[in-house]
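Here's a walk through a fold, one piece at a time. Keep the viewer open and follow along.

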Amino acid sequence: MEIRTLRYFLAVAREENMSRAAEQLHVTQPTLSKALKSLEDELGKKLFLRHSFSIALTEEGVLLRNRAEDLVSMADKIEQEFLTLDDITGGDIYFGLAESYQIRYLAREIKQFKKTYPHLRYDITSGDTEQVTEKLDKGLLDFAVICETPDERKYHHIPFPESDYFGAVMPADSELAKKDRITADDLAGLPLFCSEQSWENDIRPWARDLFSQLRLEGSFRLSYNGSMFAKEGLGVLLTLNNLVDTSPGSGMVFRPLYPRLEMKMYLIWNKYQRFTPIAERFLKQIRSSF
């Protein structure tokens, strides 16, 4: 199975049309059709359902697409790493980032780093801890930023300079907004929005015996999306500070949870990671700054 063939497959899966995919790949349609037929023969599975004017993936095709995306990304990363081994002014660094106001510290370090290495290129993937560590474990990322204590058996880590803290986001004219801080008693019985990760790992131990009285109305990986539902009065969003616009005029307010629920952020990397020269230099700067 060749990487080139997987690129062909991904292009057809994305375009859902053989002609458009062939045009994008700069190959003839017969060449593309032959390559995909060979791939199906090699795997012994039908990957596409061909309709009059479009192409759809079979269940096996969806499975291959998920695997192929990782394989092609890895191939691209390896190629870039070798191309930049001797480039002392730049190269590529791949990050996976959880949501946090503290990401500003990472952005500042990248800005400073680019003054010394102007040809630095960086790729940012956003997601929760599960999403970014999965990519880190597969070797698709150099570093990840997570908001839970790292598994020291697998990762080296550096803590960020500050801590975030949880609070409740709600319309400014709501009854709950009159309080200066929010307890588990205040939230009992109300429809709540939160990420699944935070709900289980943070809110459950914070609420203790009152957790059974808390009702998760819906879960969101991105706080901004959750805030739109909270703004419509559908529930209260539990999230970290500074992730949602609660400035005067926004119509929303943020009230800290009590007892205070803090969250440390960590820059992590695999224990047996072999870095490119540019990633190694960046880590050296981070160690010095953080």
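Val145 stands opposite Leu267 of strand β11; strands here are DSSP runs (E, at least two residues), helices are DSSP runs too (H or I, at least four), and both are numbered from the N terminus. This is a predicted model, where local features need pLDDT of at least 70 and side-chain atom pairs count only at pLDDT 80 or more, while totals for chains, interfaces and linings use all residues. Residues are numbered from 1 along each chain as its sequence is written, and side-chain values use heavy atoms, leaving out hydrogens and water.

Strand β5 (residues 143-146) runs antiparallel to β11, with three bridges joining them; two strands pair if DSSP finds at least two bridges between them. Strand β6 (residues 155-171) is also antiparallel to β11, through eight bridges, and there Asp164 partners Met263. As for β11 itself (residues 262-270), seven of its nine residues are buried, meaning under 20% relative accessible area with a 1.4 Å probe, protein chains only.

Now for the inside. The largest nonpolar core has 49 residues, and Phe143, Leu187, Ile203, Leu238 and Leu257 have the most contacts inside it. Such a core is a set of buried Ala, Val, Leu, Ile, Met, Phe, Trp, Tyr and Cys residues joined through side-chain atoms within 4.5 Å. Another core, of 21 residues, lies apart from it, with Leu6, Tyr8, Phe9 and Leu10 among its members.

Last, the helices. The axes (lines fitted to C-alpha atoms over the stretch in contact, with angles from 0 to 180 degrees between N-to-C directions) of α2 (residues 18-25) and α3 (residues 29-43) come within 9 Å and cross at roughly 105 degrees. That makes α2 roughly perpendicular to α3, a label covering 65 to 115 degrees.

Key
Angles under 35 degrees count as roughly parallel, over 145 as roughly antiparallel, 65 to 115 as roughly perpendicular and the rest as oblique. Buried means under 20% relative accessible area, exposed over 50%, partly exposed in between (1.4 Å probe, protein chains only).
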